[in-house]
Amino acid sequence: MHRREFSQAAAAMATLGLWGRQPAQAARPSDAKAPPVIPVALGANLSGLEWAIPGLRHGLSSAPNIHFTVPRKSDVAYLAACGFTKNRLPIQWELLQPMLPGTVANATARSLIGEPGAFHAGYASYITGLLDAHAASGTRCIIDLHNYARYTDFIYQPDGAVIGLKAAPDPLLRPYTTDRSQIKRRIFALEKGATLTPALFADVWRRATTLWKGHPGLGGYGLMNEPHEMPERGSLVESKRGRDDLMILPVFMQAAIDTIRAIDKETPIYVAGNEWSSAATLATKNPGYPLKGDGLIYEVHTYLDRRSTGQAFDWDIESSPRKFGSAQAAPISRTTGRERIRSAVDWAREKDVKLALGEVGMPVDDPRWAESFRNTVDLALQNGVEVYSWMAGNHWPIRSNALTHVAGWHQNKTLEPLVSGVMKASAGIAQAMLFDDGPGHARAGTPVTITVYARGNLARPVRLAVAAKGGGKLSKEVLTIPAGPNGHDSFSYMPAENQVAILSYTGMGVLSLPVPPPRKVFSLSDPVAHASTSLDDAAMAIIARYGACKWDMADGYSDYMLGAPAASGQVVRAVSDSGYGSNPGNAMEMLNWTNTETPAMGRMALPVLRVANGRKSSAHQTETFGFWCKKSVPEADVRPNPVNRVPYNIEDSYFAVAAISIAAKDSSGLVFQASQTEASHACELAFLKGQPIVRWEDAKGRKVELTGPDKLAPNKLSVLSFTSAPEEQALRVNSALVDSGNATFAPGYFNQMLLGWGFKNYYPQEGFAGNIYAVITGKGVPTASELAILERYLRG
């Protein structure tokens, strides 16, 4: 099982602005000018459209924004703003062409599934929309048929019926059978009786070429992603013994090439090879290549882990001399990726053909991966090889994936993914933003370390002067962020006794990008007592003491890419952590990446900024998809120590405080949830018919619920708080303790936090009907007096 199949199977089990038209409020990139013309195409895989395969045909796992997600126009615009010129768009054959041509289907099956060979109009419109977005941004898009030389189909009876076939309850969902035995998986084969033939493969490309030929956003036809385990000679089923018939693929590819070239003489065609399109085996496992035809580009994939699967992310494990089962894979080094593509580069040069590195990724948790990745991309670009990183897009499993090219949000500006900075460095694109992170609480005489870091690529070093107001001592007063990708520098600050210190930055020399905002460090001996002097500082000192996150809807932005501060009535998609829960590599952002660009995406609503009770808030309905902070959990031997983590797990001590108002006296739904996307254990702050509740369910199924005795008044700002520790839980409503418990929960990782809705067992939970003003959450349990300060702060 390979990288994406692994991720999809698991799922089934259940700011940079555009140059010249950037909003005045948005932070501008450094060296703000049009990106240089790159002679070799560079971009990302816009993943999302291809994720529905595991449950397709035998269940309702075909909902947009849940089981698959269409990349948004802003995804395309952001990549273009970063200087990337072409992207690869994985699509799913079954969703585009739900019934193969020549299928004998009865009237009922045709009415539900579609006519034989016809494209699904809605799914085709997604692709057209993304081609339009590329054209609008001046970039191009490769349509990549992401099916591994396979097609999952219904079994049709002699009379054309499908046993158990049902219409989905929602027209946006696909029909399915209640009988899983009525599903079959076709595979490329040449023997008599083959059910996935060169003619069928050529047909889908004939229709696609006819539909999209000449589109200004079209950059290529990606014939088939990662063919593998092809049938042996004389067989019609996949081979598991390494005896693949290596001549199957050339026949299929040539049929598609000839079909496309009969219609479109110019658009590049990307040709994949045997054994998962492995770069390391292009020259040895593809005896039928090169093929006949003009404009062919041979696509290879490589990853940096020892088995090149893109499913292992711990450098120390991967570089150690360790066996994996009975097979010994060579330990990796900083040149592993470079060595893997070198043979493909040599083969392409010898055969005088073009090459594309269609998938390559960079794990995010260790700089040694970045060096290995840079070595790989450098060699590719130096030899005219196109490069496409895995993975961009906006489907929810992509968030905080170890291989990701999705933008985040921090300090009210777009947080560029680490992989982007390395790719920019290889391509000579100078563009970056600066951020800083570090603790906000320390006792007098105890230093805290603050790190200032760039995301992107700096053409030259950046020097910043650091100043401290409020006493204390800096370890240094000048920082230097080195040239190159994702650089950083750190300093320590030793606070004086009982102070609220302000640390600030000033650019030195020529600096064309904004410095991080001033930050406070608190050494208050008694933050509660300090509330008589400054409630705001007292509350922030408590937030800093617990390293807590704070999401204030007054900081709401219209988008986490190319966005601006949201005005009343506008959708809110991004809220920064304005507390102290973030650190380098782990921005505690609250985002909404749901695609609602057309009715074909679904009918879910998005949070909208409103002014209520004299304050900015996000307005939610029960069908609203709210905000999501998606993180990772440790995986033994795969990613045992991820950097991007939720600050606590269900068995830990933690708390949350939320300022809200309900829409009606019987409002129900989730205000805040900490949970695991793929499991059922969770902690939830919610309403049930107007009554506030907090409930827990642990990994062993134990459930605990605390309930407020009274319904809250509609449209009135209230503050809810809960604390949880082993053998001690509490719920407070407007600073009054209303219920308590004494449970101890079985261990269970959290990998997400959500506002205004929930998501468990791979599926969304009911949204919250009302307004959210601000939420604070962190690890540990504040005292009652500290909670009272936080509650007063949010109430105000």
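**Close-up views of a predicted model**

**View 1. Helix 2 is largely enclosed by the rest of the structure, because 8 of the 9 residues of helix 2 (residues 73-81) are buried.** Buried means under 20% relative accessible area, with exposed over 50% and partly exposed in between (1.4 Å probe, protein chains only). Helices (H or I, at least four residues) and strands (E, at least two) are DSSP runs, numbered from the N terminus. This is a predicted model, in which local features need pLDDT of at least 70 and side-chain atom pairs count only at pLDDT 80 or more, while totals for chains, interfaces and linings use all residues. Residues are numbered from 1 along each chain as its sequence is written, and side-chain values use heavy atoms, with hydrogens and water left out. The buried residues of helix 2 are Ser74, Asp75, Val76, Ala77, Tyr78, Leu79, Ala80 and Ala81. Their cover includes strand 1 (42-47), strand 2 (86-91), helix 5 (121-137), strand 12 (386-393), strand 14 (413-415) and strand 15 (431-437); contact means heavy atoms within 4.5 Å.

**View 2. The largest pocket has a volume of about 820 Å³.** On a 1 Å grid over the protein atoms alone, a pocket is an open set of points with protein on both sides within 12 Å along at least five of seven lines, whereas a cavity is a set where a 1.4 Å probe fits but cannot get out; lining residues have an atom within 4 Å of a point. Grid points are joined across faces, edges and corners, and a volume is the space filled by probe spheres set on the points. The lining of this pocket comprises 38 residues, and Val364, Leu418, Arg455, Pro584 and Gly585 lie nearest its centre. At least two lining residues come from each of helix 11 (367-382), helix 12 (418-427) and strand 16 (448-458). By class, the lining holds 17 nonpolar, 11 polar and 10 charged residues. Ala, Val, Leu, Ile, Met, Phe, Trp, Tyr, Cys and Pro count as nonpolar, Asp, Glu, Lys and Arg as charged, and the others, Gly among them, as polar.

**View 3. Methionine 362 sits in the loop between strand 11 (354-360) and helix 11.** Methionine 362 counts as buried because its relative accessibility is 3%. Beyond its neighbours within four places in sequence, methionine 362 is in contact with Trp369, Ala370, Phe373, Ala402, Leu403, Leu418, Val419 and Val422. Methionine 362 and phenylalanine 373 are 11 residues apart in sequence, with a C-alpha to C-alpha separation of 6.0 Å.

**View 4. Serine 372 belongs to helix 11.** With 1% relative accessibility, serine 372 counts as buried. Neighbours within four places in sequence aside, serine 372 is in contact with Leu304, Trp315, Ser333, Arg334 and Gly337.

**View 5. The largest cavity holds about 90 Å³ of space.** Its lining includes Asn65, Thr69, Trp396, Leu591, Trp628, Trp757 and Phe759. The lining of the largest cavity divides into 7 nonpolar, 5 polar and no charged residues.

**View 6. A search of the whole structure finds 0 disulfides, a disulfide being a pair of cysteine sulfur atoms within 2.5 Å.** Cysteine 141 is in no disulfide, and the nearest cysteine sulfur, that of cysteine 82, is 17 Å away. Cysteine 141 counts as buried at 0% relative accessibility. The sulfur of cysteine 549 is 6.7 Å from the closest cysteine sulfur, in cysteine 629, which is too far for a bond. Cysteine 549 also counts as buried, at 1% relative accessibility.
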